[in-house]
Amino acid sequence: LNSKNKPNKQNATQPPRYAYTFRYGLETLPSALTQHIIHPNPDDNRQPVCLKTRHSVRKIKFLASEDSVDSGGSVGSEGTGSKIGIVYAKEGGEEVYEEFDAAVGTLSANEIGEALDIETTNRRVREALFDANHMASCTLIGVGWERKSGKLSEDSGRFSENSEESSENTNVDLPRGFGHLIPGTEGENALGIIWHSSIFPDFGEGGSEQARFTIVMGGESVELPEHKLRTMAREALYKQLKVLAPADSRFNISRTHHSISHYKVGHAERLRMIRENLPRNFQLAGAAFDGVSVHDCLSSGKRAAQAIASNL
């Protein structure tokens, strides 16, 4: 779904001229990629790659060729093994051990540091992973209502927690644009607001004219009850945009725990050292290392795959 009905063709080397999203949520993309990676050839039932998307990784161990389960050899301390042994827990809690020729770690830096086997991993690598970044939590609050014609003047009402305005008597002019961030120095609960109905005016069904916003709240918000979050979202809209969301608006609240990587000073140098001291058949990728955007994650995964392919 794009931000225009019929966007003009554009040169692939130029910056995008429109915003894009998925009608059923962003998870549409990783779900489709997962299916493609597991079954790259619809006519071939073999699975060349194993993806663990809903498993808890307990241990990652770098094995020399003589240290596999069948050989009974001892594990070396240099961590330059030809295979990787991984202990993971399924959704039901059952632990499983498997060995792989190569692996890509896409967990948070701290989770990978916890899982790396002490005996086969450079100590400096584990310490650097623990210190690589801070994982922040946030809450996304989607607010939407059917829009009516007319305006809400700046002096026509004042927001209050007990406000009972409904979509039948609240009319607003909506801002145009992508959205805005709110500096932390302003002391607001909200970190920013995405103007969804302006970016994707045709997202609604049946040709209805809708008002839609996504309010991003900071880490402490993940512990608040839903009624409090709804009030905070309506308050932020009114204070920031003079948009009075009706009391009977529809809300979609999503709490994301430890989901956003905050890189510390010296991240690039720290990451370079980590990668130089890991076996070449074990690569790091994802938002915890190479950027938090979707584009960054795709580029990071591609580089990891190319690095592994060149060393197998």
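In which handedness of crossing, left-handed or right-handed, does H3 pass H6? H3 passes H6 in a left-handed crossing, where left-handed means that the near helix is turned anticlockwise from the far one by less than a right angle, and right-handed means clockwise. A heads-up first: this is a predicted model, with local features needing pLDDT of at least 70 and side-chain atom pairs counting only at pLDDT 80 or more, while totals for chains, interfaces and linings use all residues. Residues are numbered from 1 along each chain as its sequence is written, and side-chain values use heavy atoms, with hydrogens and water left out.

**Two helices crossing**
- Helix H3 covers residues 123-130 and helix H6 covers residues 267-276; helices (H or I, at least four residues) and strands (E, at least two) are DSSP runs, numbered from the N terminus.
- Their axes come within 9 Å and cross at roughly 145°, with axes being lines fitted to C-alpha atoms, for helices over the stretch in contact, and angles running from 0 to 180 degrees between N-to-C directions.
- On the H3 side, Arg-124, Val-125, Ala-128 and Leu-129 meet Arg-270, Met-273 and Ile-274 of H6 (contact means heavy atoms within 4.5 Å).
- That contact is made up of five nonpolar, no polar and two charged residues; Ala, Val, Leu, Ile, Met, Phe, Trp, Tyr, Cys and Pro count as nonpolar, Asp, Glu, Lys and Arg as charged, and the others, Gly among them, as polar.

- Ser-197 sits in helix H4 (residues 196-199) and is buried, at a relative accessible area of 10% (buried is under 20%, exposed over 50%, partly exposed in between, using a 1.4 Å probe and protein chains only).
- Beyond its neighbours within four places in sequence, Ser-197 is in contact with Leu-174, Gln-210, Ala-211 and Arg-212.
- The second largest pocket has a volume of about 190 Å³, meaning the space filled by probe spheres set on grid points, which are joined across faces, edges and corners.
- Of the 11 residues lining that pocket, the closest to its centre are Arg-147, Leu-174, Ser-197, Ser-198 and Pro-201. On a 1 Å grid over the protein atoms alone, a pocket is an open set of points where a 1.4 Å probe fits, with protein on both sides within 12 Å along at least five of seven lines, and lining residues have an atom within 4 Å of a point.
- H4 and strand S8 (210-217) each supply at least two lining residues.

**Asn-133**
- Asn-133 lies in strand S5 (residues 133-146) and is buried, with a relative accessible area of 10%.
- Asn-133 and Tyr-263 are 130 residues apart along the chain, yet their C-alpha atoms are separated by 4.6 Å.
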